[in-house]
Amino acid sequence: MDTVLLTGAASGIGRATAWRLARLGRRCVLVDRNAEALEVLLGQLRGAGGEVAGTSVANASTGNTAVAGTPATKTPAAAAPTASAIDHLAFVADLTDPDQINALATDMPPLDAIINNAGMTDASNLPVIEQTDRDWQRLLDLNLHAPARLLRALRERLTRHARIVNVASGAGLHAIPLRGAYSPSKAGLIAQTQALARAHPDLRVSVLCPGFVQTELVDALIASGRLDPVRAVAKIPLGRLAAPEELACALAFLSSQDAAPLSGGRLSVDGGSSRFGGSQAYVPQTIAPVPCDTPLSLTVHGHWTALADATEDANEDGNVDANPQDGYPAILDASVLDSPPGGRLAATLAAARRHGRASAPGSLTLLLPRAAQGDWEHAGDDAAARMLIATLACEWGPHARRINAVEVASATPDPALSPLLRFVAGAQAQYLTGQTLCTR
């Protein structure tokens, strides 16, 4: 059983991730500064719809224990975990305080993964030069410094090849004015994560960059008039905000052993907003997303059919078709791997033409060969192919059709990549589009 420490666990993406991890049978160590909300969540995870009695939450700042009351707390029917007997833990801590971070090491069990999800935004709506030093520093302490401090404090509690997942933001890729240190802090966290992966290859390190997610924080920004949801959607090819559960699926995957091929990489789950550079506005999406656990209906085009499930049979053209009438329709196309250097763009366009005429929701995942180091002559063709994928994502988004690519080191099918490819292709990643992921 994996044990995963999750910060910012009591609300929004963190709370959805806690439920996701519990459903997968993983043990949660929950950290948040909101003791009351944390206590309720811990009781629900442990009770799985039953009574909350004697639930204890350790306080990292005092070392004391706060005992929950005994009223029955019902778990929402749609969120009932399958492993209610797991002994989840919770700690109250303000992660802007280094002493409270260090205190978390006391009695901490061995950890297979850390998800640094805790974060904050600036609510002052003031220009940077008018920010107070206190507010500026507090935001940096939580968004940028806390993940590094937490790793230092808990380094001896990590198991071999532990996973570290940092939650940054699309704001770390594009500046957002009047949000104080928010964009600088998230840009810093992205760079810090990538440097950590290089410095500690024994760890499995990745960074998630969400776009707009319908959390309490975003709801507050909308209510205050600081975020116009129509204008936000206008920049998102998929035409909607993400649900917290969609980011929870990404975090659960990145914190699992299946995500090892992505170590050192960035995953932008943002509906394609980080890839969009056009001037036209997208309209709100009228096609509802499917549940994240919708089964995958996968068609494999090319010689990577071995990655399909053993129960899937190849049809006459060598493709593998897994009940296309059922589940979330997805295509995995390996044809670009057979293209010669300088022919990647043409092969990518051919694959898009082959699969892109359908108007129903679904996904196309292309396998691309890793660009050869020092091959300057064909570097432009490789980059053009990646940008074509982003362009197609922007064009297909209004139809809820997704396209992504995964760069691989060899044209020979690698079974270790199967979980990653099925995740990218499937409904758990249906807010992921326009991205080219590089594997180890």
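Against which elements do the buried residues of α8 pack? In this predicted model, local features require pLDDT of at least 70 and side-chain atom pairs pLDDT 80 or more, while totals for chains, interfaces and linings use all residues. Residues are numbered from 1 along each chain as its sequence is written, and side-chain values use heavy atoms, without hydrogens or water.

The buried residues of α8 pack against α1 (12–23), β6 (111–116), β7 (158–167), β8 (204–210), β9 (266–269) and α11. Contact here means heavy atoms within 4.5 Å; helices (H or I, at least four residues) and strands (E, at least two) are DSSP runs numbered from the N terminus. Nine of the eleven residues of α8 are buried, that is, under 20% relative accessible area, with exposed being over 50% and partly exposed in between (1.4 Å probe, protein chains only). Among them are E246, C249 and F253.

Two aromatic pairs were found in a search of the whole structure. Rings of Phe, Tyr and Trp (its six-membered ring) pair if their centres lie within 6.5 Å; planes under 30 degrees apart count as stacked, over 60 as edge-to-face and the rest as tilted. F253 and F423 are stacked, at 4.3 Å centre to centre and 0° between the planes. This pair joins helix α8 (residues 244–254) to helix α11 (residues 418–425), its members being 170 residues apart. F253 counts as buried because its relative accessibility is 8%. F276 and Y282 form an edge-to-face pair, because their planes lie at 65°, with ring centres 5.0 Å apart. Both F276 and Y282 are buried.
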